[in-house]
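Here are my notes on the strand layout. Please read them alongside the model.

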Amino acid sequence: MPILEVQELEKCYGKTPVLKGINFSLNKGEVLSIIGSSGSGKTTLLRCINFLETAEKGRILVNGKTIFDADVEKPHTLEEKRQNQLMMGLVFQSFNLFPQYNVLENVSLAVKLLAKSRPGFKQNKKQIYAQIEEDARAIIDRVGLSDKLENYPCELSGGQQQRVAIARALALNPQILCFDEPTSALDPELTGEVLSVIRDLAKEHITMIIVTHEMSFAHDVSDRVIFMDDGIIAEEGAPDILFKAPKTERLRAFLSTVLSR
Amino acid sequence: MFIRVTLSLLEGFSTTCLIFVLTLVMSLPLGLIISFGSMSRFTPLRWLTKVFVWIIRGTPLMLQIITVFYVPGLLFDTPVKSRMTALLIAFVINYAAYFSEIYRGGIESIPKGQYEAGQVLGMTKTQIFFKVVLLQIIKRILPPMSNEIITLVKDTSLARIIAVGELIRAAQDYVTIGYIWPLFYTGVFYLIFCGVLTLIFGYLEKKLDYYKG
């Protein structure tokens, strides 16, 4: 059973259709890259899956269970939406770290807030928080920032900030980790360190959806690639086939423009 | 003579401080409520709030004090009993309107990404407000707030037009018996008060200076 199924997803901004019926599925441990020119709907798709936008049509299933269905009369409560969002993790293009918290606090804040609703929280608050911080340190170590625990985001480079953002998303142990152009806001010499962290996660078989403009990275890291064009999935397949033998004229044109840069 | 003047000015100054403190205590929370109104998605409420803020900011505080104090008596034959109450109503409404705009500016200046980051991390709306954006808002509104609060210190002198015995009024009692210098002497009180406030706000800004953004 796929971990994620997206069926017939449609979304408009005003009168402009952005997603025109998106269907795909994702298996546990799979890494899926989404490529395509700007305005093709990649980011919107990711935002719909993370419930930052509400799709107008379609369904989203996680582990075979429908967690979103646009046709259901009863709108989702805020609590349901929050629970759904917890299944997903999202790393933003612009990091969106919390500026007033240091690295350790950024990574552990949401986990600590979530722990408050655990049974027996009040009696064991100290141990629970200590455990959370220990876990947070371990995750920060995974992204290679153990020496920056006490630093504030403004003291870090863009690449370091994005690695903290990845650690922050990982801390909640999401079923699927999504990346929205994680290196687009970075200087070229800083993209490498972020991409290598994502490569490591792929080796650990963390289920990921990556929207990216880094074609060679998408080729190396992905199990499958989706090419989006004008709100639809124009082509889908294994990276070797998709990049080396594109079937559609659109993908051929897209690849020749991005690869010639 | 100097000590006698100082003592009676201090008495006036205690009223000045009372107006200052009570106005702040009431207008700071009221301003927040008004700012929620001016950011409401319910259009009639938003417009009502905007018109209210326009009227309050568009007319002199002095006129507002006179209106609150005299108009109930003129219209309904029920004069306001306490001058201090009338004065505080006018001050609180006036300052709440200004504060509401400062709050609104602060709240709207927080990037949407901060709220979205909180959302995808599974935080509730309340948690996002208190744990993520509140401190950032406070950092941003501190400079305009300190400006407005320092203005309030000096605006308290408007109280004398409905004969509330504050600092300027206390000095003017001496002018009527031929001494003008106590009036200038009041300046020292205002300067010290504002100086202390400047130091406090400077300290708070410095405290929040540990991060940027």
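In which sense do strand 3 and strand 8 of chain A pair, and over how many bridges?

1. Strand 3 (residues 31–35) and strand 8 (residues 208–211) of chain A pair in the parallel sense, over 4 bridges. Pairing requires at least two bridges found by DSSP between two strands. Strands are DSSP runs of E, at least two residues; helices are runs of H or I, at least four; both are numbered from the N terminus. A:Leu32 stands opposite A:Ile209 of strand 8 of chain A.

2. This is a predicted model: local features need pLDDT of at least 70, side-chain atom pairs count only at pLDDT 80 or more, and totals for chains, interfaces and linings use all residues. Residues are numbered from 1 along each chain as its sequence is written, chains are lettered from A and ligands numbered from 1 in the order written, and side-chain values use heavy atoms, without hydrogens and water.

3. An open sheet of 6 strands in chain A runs in the order 6-7-8-3-9-10, with mixed pairing. Strand 6 (88–91) and strand 10 (232–237) of chain A are at the edges with a single partner strand each, so one side of each has no neighbour in the sheet.

4. An open sheet of 4 strands in chain A has the order 2-1-4-5 and antiparallel pairing. Its edge strands are strand 2 (16–26) and strand 5 (65–69) of chain A, each pairing on one side only.

5. Strand 4 (residues 57–62) of chain A pairs with strand 5 of chain A in the antiparallel sense, over 4 bridges. A:Leu61 has A:Thr66, in strand 5 of chain A, as its bridge partner.
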